[in-house]
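Please look over the sequence and the model before reading on. The report below goes from the nonpolar cores to the aromatic rings and then to the strands.

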Amino acid sequence: MTIMKTHSELTLWQKKQASLLYYFSSMDYLKGLKFRLDALMGITDDTLKKSREEKRDQWLRSPQWGDRNTTENWANNAWGFLADFRQSVTRDIADRALSIYHVTGTYQCGRGMSEYSMLWTTPEEQEKFDAAFAEISRYAGNIDDTMDKTGGSNEWTDFGLTLEWTKQREHFPMLPKFRVWTDITAESGTLPPKTGVYVSVDDPHASLQFAWVGSPNGRLVDCTSFNDLGKTALAAVGRSRLWVDEKAMLDFVFANLSNPALSSDPFFKDPLVPKSVPSLVARNAFTSHPSQWCYVELLNGEFEPVEIETEHNSHEQHRFASGTTCHDNGFYFTPAQVDSRRRFERGDVFPDLGSTYGKVIWQWDAKQN
């Protein structure tokens, strides 16, 4: 595969992605899953004990349903799924010490327990149990999205990582420092030469991914990146506001209502609800393709300040709709047309290319040569 661009330094957003992926693949994060599961099992043990002491089962047996809704039926069957889940996490922790990685057993546990009635609990007890397991599922989902390679492409999208950064950034008062090794490379579909995070060499919009050696499950998969709609959204909204600024995303959708990817979305609703607009765009903003990857090393014990992503720092202020006037000399491109890169001078009018993706946005090209 021809290398179009060699990465020597990550962008700010790529540093955030790398920070998240190393965090979700860490031993500490995995131990956090066990801690949450142990807490849930302790709460459940107390609830089972209370139900038995109160002899609730005598009111729950019936000629029609037999013991289906009883405490003992749940304890003899559903409890086993929690116990198996905990055992699998314990195994994962042991394997992690040997640099072996797994997806979690969260789905199997939840699916198994859902087959058994919890009518033996009070509404408040069940609500507490459901909330705790939902939190475990969300937490474990970050491990699963990092480790799951079965779909053939990276499970993490720019949308998912952006939302997760807003939830996890309190864990990063400082960003870890990274070194990109341009001579440690591998292609999609192959095992990496080293365990760790990898950045796409040929697609600057591709989400980073985690891969590991020693197991076919650790291979590098196809990158997940922006399609034309995603690139247009990035150019129109800007890196710092993409996915998180509901008003800016709503304005983008209103400007692109003629785009069939949006208007034909099965969840498209009129009137549009600002809260649902980012996910509406995200469902239609990504594609996947093979890529070449290079290794991103985490420099243990080295940190840097978390910069604020702003248009001023990233040149995202240099975005102009067709028909407007160029403010700064330089090269620009538009995601609305392939090979559109060209130089504009101050005072030039950005042309309309008749794109089917709505308003044409001309964006400053960071590579000014």
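Which residues of the largest nonpolar core touch the most other members? Of the 60 residues in this core, they are Leu-33, Trp-74, Leu-82, Phe-85, Met-113, Val-197 and Val-296. A nonpolar core is here a set of buried Ala, Val, Leu, Ile, Met, Phe, Trp, Tyr and Cys residues joined through side-chain atoms within 4.5 Å, where buried means under 20% relative accessible area, exposed over 50% and partly exposed in between, with a 1.4 Å probe and protein chains only. In soluble globular proteins, nonpolar side chains tend to be buried together.

This is a predicted model, in which local features need pLDDT of at least 70 and side-chain atom pairs count only at pLDDT 80 or more, while totals for chains, interfaces and linings use all residues. Residues are numbered from 1 along each chain as its sequence is written, and side-chain values use heavy atoms, with hydrogens and water left out.

**Contacts of single residues**

Contact means heavy atoms within 4.5 Å. Once neighbours within four places in sequence are set aside, Leu-82 is in contact with Leu-37, Leu-40, Met-41, Thr-44, Trp-74, Cys-109, Met-113 and Phe-129. Thr-162 belongs to helix 8 (residues 158–168), helices (H or I, at least four residues) and strands (E, at least two) being DSSP runs numbered from the N terminus. Thr-162 counts as buried because its relative accessibility is 8%, and, not counting residues up to four places away in sequence, Thr-162 touches Trp-13, Arg-239, Leu-242, Trp-243 and Val-244.

Phe-344, in strand 9 (residues 342–344), counts as buried at 1% relative accessibility. Between Phe-344 and Phe-331 the C-alpha to C-alpha distance is 6.2 Å, although they are 13 residues apart in sequence.

**Aromatic rings**

Rings of Phe, Tyr and Trp (its six-membered ring) pair if their centres lie within 6.5 Å, and planes under 30 degrees apart count as stacked, over 60 as edge-to-face and the rest as tilted. By this rule there are 22 aromatic pairs, and two of them are set out in the table.

| Pair | Distance between centres | Angle between planes | Class |
|---|---|---|---|
| Tyr-23 and Tyr-29 | 5.0 Å | 75° | edge-to-face |
| Phe-24 and Trp-156 | 5.8 Å | 15° | stacked |

Why does the pair of Phe-24 and Trp-156 tie together parts that are 132 residues apart in sequence? The reason is that Phe-24 lies in helix 1 (residues 12–24), whereas Trp-156 lies in the loop between helix 7 (123–147) and helix 8. Phe-24 is buried, with a relative accessible area of 1%, and Trp-156 is buried too, with 4%. One aromatic cluster is formed by Tyr-23, Phe-24, Tyr-29, Tyr-139, Trp-156, Trp-165 and Phe-172.

A charge sits over a ring if NZ of Lys or CZ of Arg is within 6 Å of the ring centre and within 35 degrees of the ring normal. Arg-68 lies over the face of Trp-65, at 4.0 Å from the ring centre, and the charged end of Arg-343 sits over the ring of Phe-331, 5.8 Å from its centre.

**Strands**

Two strands pair if DSSP finds at least two bridges between them. Strand 1 (residues 174–187) pairs with strand 6 (residues 292–305) in the antiparallel sense over eleven bridges, and strand 2 (residues 196–200) is joined to strand 6 by four bridges, also running antiparallel. Tyr-295 in strand 6 is the bridge partner of Trp-181 and is likewise the bridge partner of Tyr-198.
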